[in-house]
Amino acid sequence: MALTQWSAFNLTVGSFFILIICVGLMCKVFGPNKRFGDVVPVIPFIIFVLVVFNIIYLLIASFIGPELVSLVAGVITLLVGLGTARAGFLQPKEIWTFAEKSQWEESWLAKSEVSAPKVSDMNIIKAFLPYFIIILVLVGTRVSQNVGMDWANAMKSFTIGTGESGIILGQNWNWAVLWSPGLVFVLTALITVALHGMQGGEVKQAWINSLKQVKGAAIALFFGVAMVNIFRYTGMTNPDLVLVDGLGAGASMLTVMAKGLADLFQGAYVIVAPLIGVLGAFMSGSNTVSNTLFAPLQFETATMLGMSQVLIVALQNNGGAIGNMVCVNNVVAACATTGTSGNEGLIIKTNVLPMIIYCVIVVAVVAVAMALGVNPVPLAA
């Protein structure tokens, strides 16, 4: 919970700067006036939306748990933002729009045919119903477990795995099936077929599209988990071998890498931590994979340096989220969707600046916390 809270808090502070910067960049790059200052009239609405989002975001991070933080806050804020924008609340008097199409740069134009979006007469409540189901189930189970209800604890304790006595390749593993958010998503997807009255062809296409979207991250995750276990549990067995100063035989690959980072960056490691998370997301296309690969490394390094493990791993989590701005998979998918393939380098170059600014902000938040002696969960080295 402490890791969830600090991950959310760091991003909350940064969000007030980064969203204004991103909208300003849109005005600078795509606006008819090519001026960053054109963002000023919409800043009041940006702040309103951020306040709504961040209040929900921090409440969920503080009292419910990690699974729902982004999902619930995003869905609720989307509904609030749509409603208030349609009502004209805090909307600028002058409507911002693009210049005439004849003035567009060549890189803005689609180079391949893009199919028109399917028009649906479904009402907004019915469209969001699957999300509401997911939210109700996950909130209900997590809150019930947090207050000690027996039925929720029983769901979490129902596991499939080796158990304490079963060993596979030297490791125990257990999967809390009924507690897995993934199971909730899959079951909700099946229920949605009936709720939305989908035909067989629509169901097939939906699953095909979904599998295409997740297959890249899934492949990276499968091999990432395997690689991390090799990092953690593979050690040299020669009793006379000294791998790194202070580390002898039996030290895992993860420990050796952590020692190297600790020796190289020392007190400046707080600056490096989110950049490692960015690197993981850039390579793999997923914050989940980035955390799987590098969170144990960040934890070990923080321990060796005597830094707060929670704060450093929170920076890893922040970096993985921020890295989605320049993630190759995301940019390629966006260009393919809009028919603008070939602009991937330009998009990544444009997004580097807000990415760096966001990293600087979360580093500053954690640096101040460390200077004040904050350590949410002190753990011995």
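This is a predicted model: local features need pLDDT of at least 70, side-chain atom pairs count only at pLDDT 80 or more; totals for chains, interfaces and linings use all residues.

Biologist: Where in the protein is confidence lowest, and where is it highest?
Modeller: Strand 3 (residues 242-244) has the lowest confidence, with a mean of 54, and helix 11 (residues 309-322) has the highest, at 95. The score is pLDDT, the predictor's confidence in each residue, from 0 to 100. Helices (H or I, at least four residues) and strands (E, at least two) are DSSP runs, numbered from the N terminus.

Biologist: New topic: how many aromatic pairs does a search of the whole structure find?
Modeller: It finds 11. Rings of Phe, Tyr and Trp (its six-membered ring) pair if their centres lie within 6.5 Å; planes under 30 degrees apart are stacked, over 60 edge-to-face, and the rest tilted. One of the pairs is Phe 48 with Phe 89, edge-to-face at 5.0 Å centre to centre and 75 degrees between the planes.

Biologist: Which parts does that pair tie together?
Modeller: Phe 48 sits in helix 2 and Phe 89 in the loop between helix 3 (69-86) and helix 4 (124-146), so the pair ties together parts 41 residues apart in sequence.

Biologist: What about Trp 104 and Trp 108, how are their rings placed?
Modeller: Their centres are 6.0 Å apart and the planes are at 55 degrees, so that pair is tilted. Both also belong to an aromatic cluster with Phe 30 and Phe 98.

Biologist: Is Trp 108 buried or exposed?
Modeller: Trp 108 is buried, because its relative accessible area is 18% (buried is under 20%, exposed over 50%, partly exposed in between, with a 1.4 Å probe and protein chains only). Trp 104 is partly exposed because its value is 29%.

Biologist: What's the phi of Lys 34?
Modeller: Lys 34 has a positive phi of about 55 degrees, though it isn't a glycine. Most residues other than glycine have a negative phi. Lys 34 lies in the loop between helix 1 (2-30) and helix 2.

Definitions and conventions. Residues are numbered from 1 along each chain as its sequence is written. Side-chain values use heavy atoms; hydrogens and water are left out.
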